[in-house]
Amino acid sequence: MTILYLLIPLGLILLGIAVWAFMWAVRSGQFEDMEGAAHRMLMDDDDPRVPHSQPSKPPLPRDDK
Amino acid sequence: MTSAANSCFHCGQPLPTHGHYAVTIDNAVQPMCCPGCQAVAQAIVDNHLSDYYRYRTANSGTARELVPEALQKIAVYDNPKLQAQFVITTDDPKIQQTSLILEGIVCAACVWLSEKHIQHLAGVVEFRVNYTTHRAFLQWDSSLIKLSEILQAISAIGYLAHPLDAQRQEEVFKRERARALRRLAIAGLGSMQVMMLAVALYAGSYAGIDTELAHFFRWVSMLMATPVVLYSAWPFYLAAWRDVRVRQLGMDVPVALSLILAYVASLWATLTQQGDIYFDSITMFIFFLLSGRYLEMQARHRAGDTAEAMVKLIPAMATRLAANDQEEIIPVSELAPGERVRIKPGETVPADGVITAGRSSVDESLLTGESVPQSRTRGDRVIGGSTNIESPLEMTVEKVGQDTVLAAIQQLLDRAQREKPSLAKLADQVASYFVLAILIFAAVVALSWWRIEPGQMLWVVVSVLVVSCPCALSLATPVALVAATNRLMKLGILTTRGHAIETLSRVTHVVFDKTGTLTYGHLQLDSVVISGPLDLARCLALATALERGSEHPLAKAMLSSATTPMLAVNDLLAVPGQGMQGEIDGVRYRIGRLEYSKPENISCEIDATRVQTRIILADPTQVLAVFYFQDRLREEAAAAVQGLRDLGVEVMLLSGDRTAVVEQVAHAIGITQWSGELTPSDKVARVEQLQQQGHVVAMIGDGINDAPVLARAQVSLAMGKGTQLAQNSADMVLLSERLPHVPLAIALSRRTLRIIRENLSWAVLYNVSALPLAAMGFITPWMAGIGMSASSLLVVLNALRLSRVENTAVPLANGTITLSSAAKA
């Protein structure tokens, strides 16, 4: 059980790192928009191979013009 | 959300019966309901952003009314005097930044669409939308692009953006949120670690543990609990100290007292190596309490954000005329009596005054409740705050600031707010008696144990305080209120004052205003009288084609009822204040005022008994049709009234409009108690009369004239598109503008109150049964800890049932209300 005298202080150091990481996250605004990021990553429209972003046909002539 | 074949692909509204609007999106022709949606959808397709329709999870807002209104005001935002309020210039003088509020964001795809579209504009440095708050951060190069152009681009894709005063509350909220998160994190991490060691210690005391090791564990626990007790729990000590200083006992007093006592006792136990430690209980207690407060704060901020979103920086600007008729745009506050101002159609009259030139009709509905625009000409008085409708007016300012009619209403409002019956105080009083009782009980227990066994006294007292720890009690009400507030928010009802839900549950009378509340508050095409050879559809087609180029409010009303494809017009000409003319299929048509449109030497019979606003369509030989406009009733008004009746609430209608009109509306939706031609103070008097009879009154209104009575009623709701003043004086804001949500809100508030009562009785029951045991010394600290946590958890879970109220949907089409959950309440 003597190993606990080493492991627990080690755990404390890890705890310190966790606290520091959390503080950093709060400071850098990671908690400001909790929903947006989740959706944003799904809309990867920057892929050049995805063709549908380009209009393939001119829009129908509208009858009010 | 896919749209059915008979609804607009863009906004999901039903398609007009005769109309035909369509946009080709991803190679498929999609139907649109109106020219507004068509324009927005076309702009999205033209900018290669049609992916939006694949990503979106909710229908867009309808663009029908949004576009013309938005376009009108946007240009003013370039005014440097106005910009000074909300624009920040960065280190590079060309680069400017501001915060915008985006209206119309319904799903994540909207964020994507607006970011894509705006980022691509030349001169935009950064444009980033926060999905949670619907705010956008905008940075642009003022030498390349104007702010109004960016706002215009946003409105082209169907959203309405307006700047907000970035300095105001945003920063305060952000700091407060960050601080609360830090405290919560420390408490969470700390309590987990301490709990882990506590489990080892409990197991050790059962199975045997090395004394050295146990001692070491206690020291480590103390080390980790100390920041939690000193840093995370700091707000409780502050609040308790504040309570003690003003001699008002709040929940924070026993909380702080038990924390300090338990901590000091544990500290003593650790240092002297005798007695029990409570570090696990207190850290967990702090963590629970902080979580509750954090949720509460977030709901409050969200409400604040939404409320702030409505504080549009509406340009309070006036066009002042110099002696040589030179126009100058100045803030309204700089106006002085005797100065001449010009008021363009659609603008707000900046102050009270007398018209010196021009002839127009003026919409005073927000000030008086009068639904039909009033004709005003040279020599007539106009009231500041009313809207000029038809043609430009020039007036001499007579009164400004405190002397205006608007300011008088404001004073009435202030008085009503001061006299508002305050309920919150009563609740505090009850809580403070409870706290006092607990403290006295603890003192009695301490005294008894002092006599019986002084060595045990401290531990028992701490046990009593921990067990009676008003955790569940102090969570019971706020958690339920937060859940209800969030639920209401999802329905589109914003709660701005704390007491609103509680008071709403006791409502016996609901009083409606008419103009803008039961009706839409603006003119819409009511009826058409055909007097020529052409049929209705043709007349409508001609009229909308001619009015398309006009900014006139009646033209907009005409366009919004357009159902036919647009005809091509040649040689379109607008005569300000008179009407429009143009050539369609070789015939010259005129539309507008009678004197303008009517061909000379042709008599035209106009039904003089009709009070509604009208415009006349004519060709060179005859009058073809007369269009009458009227403020239309909201479709769901009758359903809302019925819903309120079903809840056993009486419904009344108090309006400033003429009695005949009020009577008509009251009959149409089945309200039996109504009055018209009331001044703002009459309305207040009526409500006071009801209150004296012991009734609890909820008032629903939108106008400036409603503000005093909104403040006077025990609980009040303002319409989302209502005036600022009305919203400020109301306890809740009906952002959805859907009247059937009012009975829903009342039903929900009744449920909330029931859950609060359940929570409170559970908490009291638990405390009452646990206290004697603790007082007799039977309850060990870990038992107290588990009991406290379990009772808190139960209270929270019970409250969360509120956010899962099923079957509260209100179908738009038939206007019936599903109140399965309300029926139980």
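The legends below accompany close-up views of a predicted model.

View 1. Six strands of chain B form an open sheet in the order 19-24-23-22-21-20, with antiparallel pairing. Strand 19 (519-530) and strand 20 (570-575) of chain B each have a single partner strand, so one side of each is left without a neighbour in the sheet and both stand at its edges. From one strand to the next, the twist averages 20°. Helix 19 of chain B, residues 536-547, packs on this sheet and touches strands 19, 20, 21, 22, 23 and 24 of chain B, while its direction makes about 115° with that of strand 21 of chain B.

**View 2. The pairing of strands 19 and 24 of chain B.** Strand 24 of chain B, which spans residues 623-633, pairs with strand 19 of chain B in the antiparallel sense over 8 bridges. Within this pairing, B:L525 stands opposite B:F629 of strand 24.

View 3. B:D731 lies in the loop between helix 26 (724-729) and strand 29 (732-734) of chain B. With a relative accessible area of 0%, which is under the 20% limit, B:D731 is buried. The side chain of B:D731 reaches the backbone nitrogen of B:S716 at 2.9 Å.

**View 4. B:R177 and its contacts in both chains.** B:R177 is found in helix 7 of chain B, which covers residues 170-207, and with a relative accessible area of 15% B:R177 is buried. When neighbours within four places in sequence are left aside, B:R177 is in contact with A:E32 of chain A, and with B:Y294, B:M297 and B:H301 of chain B.

View 5. In soluble globular proteins, nonpolar side chains tend to be buried together. The largest nonpolar core of this model has 68 residues, and those with the most contacts inside it are B:F217, B:L259, B:F279, B:I286 and B:V464. Helix 8 of chain B, residues 211-232, gives the largest share of this core, namely 10 residues. Apart from its neighbours within four places in sequence, B:F217 is in contact with A:L4 and A:I8 of chain A, and with B:L197, B:A200, B:L201 and B:I209 of chain B. A second, separate core of 51 residues includes B:C8, B:A41, B:V45 and B:Y77.

**View 6. Confidence along chain A.** The mean pLDDT of chain A is 72, and 65% of its residues reach 70 or more. Over residues 50-65 of chain A, pLDDT stays under 50, and for this stretch the model has 24 contacts beyond four places in sequence.

Terms used
Residues numbered from 1 in each chain as written. Chains lettered and ligands numbered in written order. Predicted model: local features only at pLDDT ≥ 70, side-chain atom pairs only at ≥ 80, totals over all residues. Heavy atoms only, no water. Pairing = 2+ DSSP bridges. Helix = DSSP H or I, 4+ residues; strand = E, 2+ residues; numbered from the N terminus. Axes fitted to C-alpha atoms, helices over the stretch in contact; angles between N-to-C directions. Contact = heavy atoms within 4.5 Å. Buried < 20%, exposed > 50% of the residue type's maximum accessible area, 1.4 Å probe, protein only. Polar contact = N/O pair within 3.5 Å; in protein donor to acceptor, adjacent residues only side chain to side chain. pLDDT = per-residue confidence, 0-100. Core = buried A, V, L, I, M, F, W, Y, C linked by side-chain atoms within 4.5 Å.
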